[in-house]
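Please have the sequence and the structure in view while I talk.

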Amino acid sequence: MLHSQEPVLRFQGRVLSIREPVSRFQEPVSSSLAVSVPTEIAAACYSGVDALARSLLRDGDDGRTLDQLRADVTADLLLGRGPGTAAPEATAMLSVHGPVDAALSISDEECELDGCGPIPAPIAREIMTNERSI
């Protein structure tokens with residue numbers, strides 16, 4: 001006997017209406033980013049990222065694991081640095097706050113990344129001095 005699909009379809013409609021990106025700042029140097037999208041889209045995205053990462057792994061061993069390559073490929077794609085694309089002039093806006101002596105490498109006093117929290121001074125300096133930063 002077949003059961004009605006109606007409750008499943010109603011649940012699916014509610015779930016699909018909740019699409020959102022979620023950023024979780026875990027540590028001063030590492031965070032996670034997740035998106036809630038329909039399952040078939042998530043599976044297709046993961047498959048594409050996995051294929052690109054496996055291709056990079058086959059092309060040369062730079063010491064990164066497959067999981068590290070998947071994470072790096074995902075970040076590159078989100079920043080517009082994917083295969084065949086040029087990075088936009090400004091891909092994100094970050095505000096870093098800290099003492100001037102930390103910026104000048106006089107001290108390693110902790111700085112703060114807006115929306116994230118405290119970050120080590122060397123990472124703040126990298127953000128501030130990166131040639132693509134504005």
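In this predicted model, an open sheet is made of three strands, which follow the order β3-β4-β5 and pair in antiparallel fashion. The edges are taken by β3, residues 96-97, and β5, residues 117-119, and because each of these has a single partner strand, one side of each is left without a neighbour in the sheet. Helix α5, which covers residues 121-129, packs on this sheet and touches β3, β4 and β5, with its direction at about 90° to that of β5.

If we look at how β4 and β5 are joined, we find three bridges between these antiparallel strands, and Leu 113 stands opposite Gly 117 of β5.

Let me turn to Ser 107, which sits in the loop between α4, residues 100-103, and β4, residues 111-113. Is Ser 107 buried or exposed? Its relative accessible area is 18%, and because the cut-off for buried is under 20%, Ser 107 counts as buried. Once neighbours within four places in sequence are set aside, Ser 107 is in contact with Asp 101, Ala 102, Ala 121 and Arg 125, while a polar atom of its side chain lies 3.4 Å from the backbone nitrogen of Glu 109.

The other residue I want to show is Phe 25, in strand β1, residues 20-27, which is partly exposed at a relative accessible area of 42%. Not counting residues up to four places away in sequence, Phe 25 touches Ser 30, Ser 31, Gly 115 and Cys 116; from Phe 25 to Cys 116 the C-alpha to C-alpha distance is 5.9 Å, although 91 residues separate them in sequence.

Notes. Residues are numbered from 1 along each chain as its sequence is written. This is a predicted model: local features need pLDDT of at least 70, side-chain atom pairs count only at pLDDT 80 or more; totals for chains, interfaces and linings use all residues. Side-chain values use heavy atoms; hydrogens and water are left out. Helices (H or I, at least four residues) and strands (E, at least two) are DSSP runs, numbered from the N terminus. Buried means under 20% relative accessible area, exposed over 50%, partly exposed in between (1.4 Å probe, protein chains only). A polar contact is a pair of N or O atoms within 3.5 Å; within protein, one must be able to donate a hydrogen and the other to accept it, and residues adjacent in sequence count only if both atoms are side-chain atoms. Contact means heavy atoms within 4.5 Å. Two strands pair if DSSP finds at least two bridges between them. Axes are lines fitted to C-alpha atoms, for helices over the stretch in contact, and angles run from 0 to 180 degrees between N-to-C directions.
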